[in-house]
Amino acid sequence: MTLADQPVGRRERNKQQKLDRIVAAASELFATHGVDDVTTQQIAEKADIGAGTLFLYAKTKGELLLLVQNTHYAAALDRGREAATSIDDVREAVMAIVRPVVECNRTQIDNGRFYLREMAFGDPQEPRHQEALEIAAATEAAIGEVFARDGREDAATRAHITTAVMFLALADSGNVDRSVDAIVESIRAQVTVLLPH
């Protein structure tokens, strides 16, 4: 029996259960009230744990938001990758990856913008922050794979530009009141100008 095949012990199960309760509580409270209007004490109470225990899993509210949002962003990226596989047009396939990420970010606009700030300026040594950066890198890589379909040598550069345009559009305070469709079309227009066929 390998280490991976061994049953998980009670202590590890308890830790996972607490983490699951924390994620569920933070997810619900952040979605309902926004990250700025939720306290760590409220999250601890809703998760039925002590505040000290909460800080063993995430030291700041920003880390809690990363914990919650990383799951959502990874799922959005998976949906985009899947959608892109059935689209032949390269630019449309790229936009198929972009759209679910934009939708995820816009589910709760303040949380989406806070998440991007944490990702860009948070502690790079913190594991949740590292995971957010890995998701951003995976998004860029997925877009690069689509651009590479045309055999372009500059696929990685095109992906980097497209990802930067997307994240800047999502962080832009001027876009707070814009719809998902409007932001996606703005990204499409910018990418078309920068990266014509």
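What span should the 15 residues of helix H9 have at 1.5 Å a residue, and how far apart are its end C-alpha atoms? The expected span, taken as 1.5 Å times one less than the number of residues, is 21 Å for H9 (residues 180–194), and the end C-alpha atoms are 21 Å apart, which agrees. Helices here are DSSP runs of H or I of at least four residues, numbered from the N terminus.

Before I go on, please keep in mind that this is a predicted model, in which local features need pLDDT of at least 70 and side-chain atom pairs count only at pLDDT 80 or more, while totals for chains, interfaces and linings use all residues. Residues are numbered from 1 along each chain as its sequence is written, and side-chain values use heavy atoms, with hydrogens and water left out.

A pocket is an open set of points on a 1 Å grid over the protein atoms alone, where a 1.4 Å probe fits, with protein on both sides within 12 Å along at least five of seven lines, and lining residues have an atom within 4 Å of a point. The largest pocket has a volume of about 230 Å³, volume being the space filled by probe spheres set on the points, which are joined across faces, edges and corners. Of its 14 lining residues, Met-119, Ala-120, Ala-164, Phe-167 and Leu-168 lie nearest the centre.

Turning to charges, a salt bridge is a side-chain nitrogen of Lys or Arg within 4 Å of a carboxyl oxygen of Asp or Glu, and a search of the whole structure finds nine. In one of them, Lys-46 and Glu-28 meet at 3.3 Å, N to O, and this pair links distant parts of the chain, with Lys-46 in helix H2 (residues 40–47) and Glu-28 in helix H1, 18 residues apart. Lys-46 is partly exposed at 42%, and Glu-28 likewise counts as partly exposed, at 44% relative accessibility. Arg-99 and Glu-103 form another salt bridge, at 3.6 Å, N to O, and both lie in helix H5, four residues apart, about one turn of the helix.

Definitions and conventions
Helix = DSSP H or I, 4+ residues; strand = E, 2+ residues; numbered from the N terminus. Buried < 20%, exposed > 50% of the residue type's maximum accessible area, 1.4 Å probe, protein only.
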